[in-house]
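Here's a walk through a structure, taken one piece at a time. Keep the viewer open and click along as we go.

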2 protein chains.
Amino acid sequence: MATQMGIAEGIKRANNEFMTRLSKAAPSLVRIRQARDVMPVLSDQTVLHAGPPITVERLCGPMRGAILGAIVLEGWAKTPEDAAKLLDGGRIGLQCAHDWNAVGPMAGIISASMPVLEVRDEPSNTTAYCTINEGIGAVLRFGAYDAPVIERLRWIGDTLAPPLDRALEKLEGIPLLPLMNRALAMGDEMHQRNVAASSLLFRTLAPALAKQGASSALARILEFLGENDQFFLNVAMAACKAMMDAVGGISSCTGVTAMSRNGVEFGIRVSGLGDTWFVAPSPVPDGLYFPGYGAADANPDMGDSAIVETAGLGAFAMAAAPAVAGFVGLASAREAVATTLAMSEITLGKSPHFKIPALDFEGTPTGIDLRRVIEVETTPIINTGIAHRRAGVGQIGAGVVHAPIEAFQQALAAFVERYASPAGSQSRI
Amino acid sequence: MATQMGIAEGIKRANNEFMTRLSKAAPSLVRIRQARDVMPVLSDQTVLHAGPPITVERLCGPMRGAILGAIVLEGWAKTPEDAAKLLDGGRIGLQCAHDWNAVGPMAGIISASMPVLEVRDEPSNTTAYCTINEGIGAVLRFGAYDAPVIERLRWIGDTLAPPLDRALEKLEGIPLLPLMNRALAMGDEMHQRNVAASSLLFRTLAPALAKQGASSALARILEFLGENDQFFLNVAMAACKAMMDAVGGISSCTGVTAMSRNGVEFGIRVSGLGDTWFVAPSPVPDGLYFPGYGAADANPDMGDSAIVETAGLGAFAMAAAPAVAGFVGLASAREAVATTLAMSEITLGKSPHFKIPALDFEGTPTGIDLRRVIEVETTPIINTGIAHRRAGVGQIGAGVVHAPIEAFQQALAAFVERYASPAGSQSRI
């Protein structure tokens, strides 16, 4: 009994530490780096992918498509057909991006030559990376890999990334939490909707880019950045990854530090359980489909982007973004508020950084508590894009996903095994 | 009795016409023009000002300060002291901006050399003008007139306006209603808060400016536009002026087409009563003051900016902008919603253009009905900035103003006189 009390006390202390560390976060977008320079694993014929680790045989269609595109981009093969031979022949290394301080939306493929956003959280000495958002339509992250996709990626690497990096250096980085909090007050939840954050970031970047001196590419660069409402999603993901890595590995802590999907499995990590993934089959999102598509076409949920929900944004901040409600299939602004309130039931506290004006500036529910998820039988809700299950088609809708409870049940069992005595019951924890 | 029925029927038809015309509005920001080229009255030593007409003896401090600045800017005098002599000697013509298809925030001074935003509403063949927003701090519109203020105005005219005009021509104008509706979904009410609309406009303008070719001024221009959260206010004012002029002069119509203040008097215009102003003393706003200032320092309410409330934005759209609530002295997001709902009691209908996500995309209350204002004894609420009563000090706070009922009472009396039989009672109208 004394031991059980000790465990409960230890969890309480650990979870307080989780929230305290979180309150100290101050991530900044500091540089654009080439992936190979900051992720040594990429020097070989290896790519990073979203979600928990997966083998080549089990890859879903869109992730496979994105990998073929990356192989062509890197010049490891000349055609998608040759790329497929390399991939199926076991010649391409697959690594989980989360293991390399990185995240990627949807397929989340990162390969050596891709530029990545570098977000630095000084207080925790944490750095996180994410690819640069390609825009919408036929894009690698949704599994498209034809020539225009590869050309756009080359343009991003060759033309966009260098001046963007110089602009960020000149600005000495862009503190992200004030910008993100401001975007929340402008109707972004920073998963499905990033138009405010993207616009605010653009306002900061455009003059700094113009100061690089007259470049013939400037107008095209400003157009690319200015037209992309989701540009900030990848920045938000890197910021949230840095914040969540900073609260990882706290002994006895029941706070969730990652939720992610590889298109086949949905996985979570828990602070007190380190880097272990607890996985369950990835669900197909409930949502709205573009004309001509339906649930039968949908790939199971995919991407590292659920890191934003893990940090208290996305569906957790739905009350801040009533305009998203209809887009993801909710009936009303009231349901948007209800989503945020439901998430308050399973979190350790309120975000000290992200405030919702419509709730009189209450913080968003933050710090998913493994115990509460099991206790109240409510799993995190995630706003998400829906990819076609076949490689090469792309996005076919958007909706919400309820994280599978099995992943949390497994995590709790592991937590009990690690921290409780053999006789410890779950209810004591 | 039959005549009374005829009048009521006539008003109903006229007010339907008001709302029908409004639904057809499609204002676009099309050009930057020099004021003298589009307002012939300015060729003489004349300036336009905000609010109903006023004589030099009755000018409030900040409007007087702004006029002194304009006189120096135009070179009619070398120093503010000499400018004061010209002004007090009756050598400067004062004209109401509203009479020249123009509006201006706060003092609203427009002089010959100033560039003005040109907004064109094709469906109604209406054109409206507003100055370019100078930014915050010591600015002409709040009555500041020292050298840096004049220099900034020169820079706006010489350096900013020409490429901005070329960019707008290249873009073939920017349709404003979609942008404004989008900004409403991003927490702007477009009077106190224009950060979303300013950012969205900036995203469109920046690439077009860069396409003008490499100019050494580009970085500074982008900085000026990118740093000014209220840049769009003046655009919104011109758009609302065009929309309201398009519903002016409808016989028997009780819809209000202008609310404006010259810092001494508050005036309204009513569609069925043409260009006549109905005035009452301008109230001092209730609100929050910057440190060191209080109500005793405040000038009575001033500016043409209430044209945005007249068109269903500003305080009428407060429910869309909970972040504004605290800034203008409301206690909560609930009070923001209550403000919008209260305005529904005095309006002819809902805006077909401006929708509020938090109210499940209901249109903002639009078309202030003179009769309803009197019937329910509720006058329009206006979000407003507060100027110091002395010339040269500038902004000292922000708050809300309730339009004085006396202006509406006078308008109703005039309406009765024009449209009802001598025996007609107000309640029949």
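Start in chain B of this predicted model, at strand β8 (residues 256–262), which is joined to β12(B) by two bridges, with the two strands running antiparallel. As a reminder, strands of a sheet pair through backbone hydrogen bonds, either parallel or antiparallel.

Chain B has another open sheet to look at, this one of five strands in the order β4-β6-β5-β1-β7, and here the pairing is mixed. Its edge strands are β4 (102–103) and β7 (174–175) of chain B, each of which pairs on one side only. Inside that sheet, strand β1 (residues 27–34) of chain B and strand β5 (residues 115–121) of chain B run antiparallel and are joined by seven bridges. If you want a pair to click on, B:Gln34 has B:Pro115 as its bridge partner in β5(B).

B:Glu172 sits in the loop between α5 (147–171) and β7 of chain B, and its phi is near 55°, a positive value in a residue other than glycine. Most residues other than glycine have a negative phi. Is B:Glu172 buried or exposed? It counts as exposed, because it has 9 C-beta neighbours inside 10 Å, and the cut-off for exposed is 12 or fewer.

A:Asn101 counts as buried, though, because it has 20 C-beta neighbours inside 10 Å.

Move on to the loop between β4 (102–103) and β5 (115–121) of chain A, and you'll find A:Met114. A:Met114 is buried, with 27 other C-beta atoms within 10 Å. What is A:Met114 in contact with, leaving aside its neighbours within four places in sequence? The list is A:Ala35, A:Thr131, A:Leu153 and A:Gly157. For a sense of scale, A:Pro281 is 167 residues from A:Met114 along the chain, and their C-alpha atoms are separated by 30 Å.

Further along chain A, look at the hairpin of β13(A) and β14(A). Strand β13 (residues 347–356) of chain A pairs with β14(A) in the antiparallel sense over five bridges, and A:Lys355 stands opposite A:Gly363 in β14(A). Five residues lie between the strands of this hairpin, where A:Asp360 takes a positive phi near 50°. Strand β14 (residues 362–368) of chain A has five of its seven residues buried, so it is largely enclosed by the rest of the structure.

Time to step back to whole domains. Chain A is assigned domain 1 (2–22 + 248–428) and domain 2 (25–238), and their centres, taken over C-alpha atoms, are 23 Å apart. Their contact takes 49 residues from domain 1 of chain A and 45 residues from domain 2 of chain A.

What about the two chains together? Chain B superposes on chain A by a rotation of 180° with 0.0 Å of shift along its axis (RMSD 0.0 Å), so the two copies are related as by a two-fold rotation axis. In chain B, B:Met186 is the residue that comes closest to that axis, at 2.0 Å (C-alpha). The contact between the chains involves 26 residues of chain B and 25 residues of chain A. On the side of chain B that touches chain A, α7(B) gives the largest share, nine residues. By class, that side has 18 nonpolar, four polar and four charged residues.

Finally, how far does the predictor trust all this? Chain A has a mean pLDDT of 94, with 96% of its residues at 70 or more, and the complex gets an ipTM of 0.90 and a pTM of 0.93. Over residues 424–428 of chain A, however, pLDDT stays under 50. Where pLDDT is low, the predicted coordinates should not be read in detail.

How values were computed: Residues are numbered from 1 along each chain as its sequence is written. Chains are lettered from A and ligands numbered from 1 in the order in which they are written. This is a predicted model: local features need pLDDT of at least 70, side-chain atom pairs count only at pLDDT 80 or more; totals for chains, interfaces and linings use all residues. Copies are superposed by least squares on the C-alpha atoms of residues with pLDDT of at least 70 in both. Domain bounds come from an automatic or database domain assignment. Two residues are in contact if their C-beta atoms, placed from the backbone, lie within 7 Å. Helices (H or I, at least four residues) and strands (E, at least two) are DSSP runs, numbered from the N terminus. Ala, Val, Leu, Ile, Met, Phe, Trp, Tyr, Cys and Pro count as nonpolar, Asp, Glu, Lys and Arg as charged, and the others, Gly among them, as polar. Two strands pair if DSSP finds at least two bridges between them. pLDDT is the predictor's confidence in each residue, from 0 to 100.
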